[in-house]
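Morning, everyone. Let me put the model up, and then we'll walk through a few spots.

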Amino acid sequence: MDWQSVLAPEGRWSALVRAPSWPELVSRHCCGLIHLAAPYINTAALRDQWRMDRSVRASMRAAIEVARLAALGCTAISPAIVLGEIGHAGVVMDEPLDPLHLPFWRAWSQPLLNAASMVVVPAIDGWDSCPLVWHDVCFALGRNMPVHVYARGV
């Protein structure tokens, strides 16, 4: 993950990437669905084992950021929230889905990303090491889609 090149102020992606950004700035530029790329897979596990407490924390942090955007009139969806809730439901399911299976969740969330007009990466611990966040940002840039990153850098 080469975040330095993506976030470089004079770099290749500088016309598409706003970093640092914040919810009010996003609200001035949003039109359509926002894909909130929040960390989950790398934060919901401890020693490669899914943990309910970590999952709740990861999905709640993403939900707070979606709520902040909603309060500003922006419609955002975060796969981290849905992924977390599916993981939580797995506790009572006979055949639960693996909430840490990266290829499955990358494919599952792709239609949400395809429908988005912008990707927002909130400053949630683990954003810069999450493979799904990196995938979402790379996909967006490959489609000339704006990306807002709240954090100042890595």
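Val91 is exposed, at a relative accessible area of 54%. Exposed means over 50%, buried under 20%, and partly exposed in between, with a 1.4 Å probe and protein chains only. Val91 sits in the loop between helix H4 (79-89) and helix H5 (102-115). Helices here are DSSP runs of H or I, at least four residues, numbered from the N terminus.

A word on the source. This is a predicted model: local features need pLDDT of at least 70, side-chain atom pairs count only at pLDDT 80 or more, and totals for chains, interfaces and linings use all residues. Residues are numbered from 1 along each chain as its sequence is written, and side-chain values use heavy atoms, leaving out hydrogens and water.

Now helix H4. His88 is in that helix. Buried or exposed? His88 is buried, at 14% relative accessible area. Beyond its neighbours within four places in sequence, His88 contacts Trp50, Met52, Ser55, Val56 and Ser59. Contact means heavy atoms within 4.5 Å.

Next, salt bridges. How many does a search of the whole structure find? Two. The definition: a side-chain nitrogen of Lys or Arg within 4 Å of a carboxyl oxygen of Asp or Glu. Arg51 pairs with Asp53, at 3.3 Å from N to O. Arg51 is partly exposed, at 31% relative accessibility. Asp53 is partly exposed too, at 36%.

Glu65 pairs with Arg68, with the closest N and O atoms 2.9 Å apart. Both lie in helix H3 (residues 52-71), three residues apart, about one turn of the helix. Glu65 is buried at 10%, while Arg68 is partly exposed at 38%.

Technical notes:
Helix = DSSP H or I, 4+ residues; strand = E, 2+ residues; numbered from the N terminus.
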